[in-house]
Structure formats: C-alpha cells, structure tokens
Amino acid sequence: MKPAVCFALDVKHSRQMDKKRLLMILNDFKETINKRFHKDLLVPFAIRNGDELVGVIGNFSSAYPLIKYIYSQSCFHQCPFYSGIGIGELETDTTDVHTINGSAVLCAFTAREHLKEKKEKTKIWSENEDTTSFYIFAEALPFEPLNTLLGWILETKRNWTDKQKQVIHLIEQFPEWTYEKIGRHLGYKSPISTVSYLLKRAEYQKVKTTEASFTELLILYQALLNK
C-alpha cells in the first residue's frame, strides 16, 4: 500500500454539453495533466464513464499545484467539475482507473458524491454551479482543515479584479521583476504604489501564506501515512 491522493472529477451539467466538445475537453485535460505531472502520478489520469476523469498522485506536495491547474483550465475551457479529492492509500498496482482500489480512491468518490448531493459541509465552499468545486475527504485524518484552507483560497481568488489578476500573473510569471517594472509594463503613472495597492486589496500575501500552509499540512499527512 502506498500513500496517495486520488482525484475524481465529474463534469457539471455534462448532459447539456455537445458530446464532441466534452470529449475534446476531457482529452485535453488528460493529456496536459499527465504530461505536466508525470513524475508525481501513480495512476495517470484517464476518462471514465464518458464524463469523468480519474487519476492518482503519490507526491502530496504536488496536490495543490494540481488543484490550481485543474481550476485554471476548467475556467479556460468554461467546463466546471465536481472534484472529489481522497487522501489515503492506494492498494492496487494497476494503472487502470476502472480497477484501482484503496482508501484514497474510495474517499475521492465519496467526496465527489458529497459535492453532487450538496451535503451540508460542502455547500459552504461550492454554492456556485458555474465554477469547479473541490471537496477533500479522508478516513483516518482530519480533512476539514484542508477544505477550509482551500475554500478560502479559491473564494478569495474568485473575487480578484482583472487588474489584480494582471499584476499577479506578471509576478508569478516573472518573479524577478520589481513592482516598478510591473507597473510600468502595465502603463501605470505611479507604478510602485499602484501595484502595491492592487496586491494588498487582493490579499495576495495572505493567499500565498495559506497556500503554503495547505501544502505543509498535506506533507504532514503523507509522513503520517508512511509510518
């Protein structure tokens, strides 16, 4: 048995989508995730039952980057998911998403069903049917702290303005750039003060600190499962 994080994604309102478009989006998701996270995958992402994607990673520190990627790509494709995330163990050696088993897999499907059934705790972070919703579940570990951290991060990001997103995109794409260079690049008359103001209003440093805390907690859980 191996410590694992399983992702079980189900397209929201898939019956209302054009089947060719749905399949194109799922194949694009599958290929890009498997390429980007190939070093972390215990079970590569694959399409299941026509409108689902399932995959398993073994490196818990990569869970948040994968969540972030799923969220950004779902926004880009305008294709929201119910995203169940299970933390536990993988008991099988197969890479077939139809036959994999273990507590991580079972927890991922349980988490996804909680989202789809709008269970009381999931409604706190998944009220919007037009965006991707995440819920994390585990049998032997405290999982609600993870949902609280992730829910606050995503809710804060959803409230970012276009100007805030522009500044943050440049900071993350070019970490060596100064506030002055970013502000001048965006054409601001007072580049340093404007960039600083936008970041403060976006609560950017709080988001980064919370993201780090989320990953730190996941790494701790992996260490506990390895004992």
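Modeller: This is a predicted model, in which local features need pLDDT of at least 70 and side-chain atom pairs count only at pLDDT 80 or more, while totals for chains, interfaces and linings use all residues. Residues are numbered from 1 along each chain as its sequence is written, and side-chain values use heavy atoms, with hydrogens and water left out.

Colleague: Which residues have the most contacts inside the largest nonpolar core?

Modeller: A nonpolar core is a set of buried Ala, Val, Leu, Ile, Met, Phe, Trp, Tyr and Cys residues joined through side-chain atoms within 4.5 Å, where buried means under 20% relative accessible area with a 1.4 Å probe and protein chains only. The largest such core has 61 residues, and those with the most contacts inside it are Phe-7 and Ile-87.

Colleague: How many residues are in the second, separate core?

Modeller: Among the members of this second core are Ala-4, Cys-6, Val-43 and Phe-109. Its residue count is 13.

Colleague: What share of the residues in the protein is buried?

Modeller: The share is taken over the 227 residues of the protein. Buried residues make up 50%.

Colleague: What radius of gyration does the protein have, beside that of a compact globule?

Modeller: The radius is taken over C-alpha atoms, and the globule rule is 2.2 Å times the number of residues to the power 0.38. For 227 residues a compact globule would come near 17 Å, which agrees with the protein's value of 18 Å.

Colleague: How far does the C-alpha trace span along its principal axes?

Modeller: Taken along the principal axes of the protein, the C-alpha trace spans about 60 × 45 × 35 Å.
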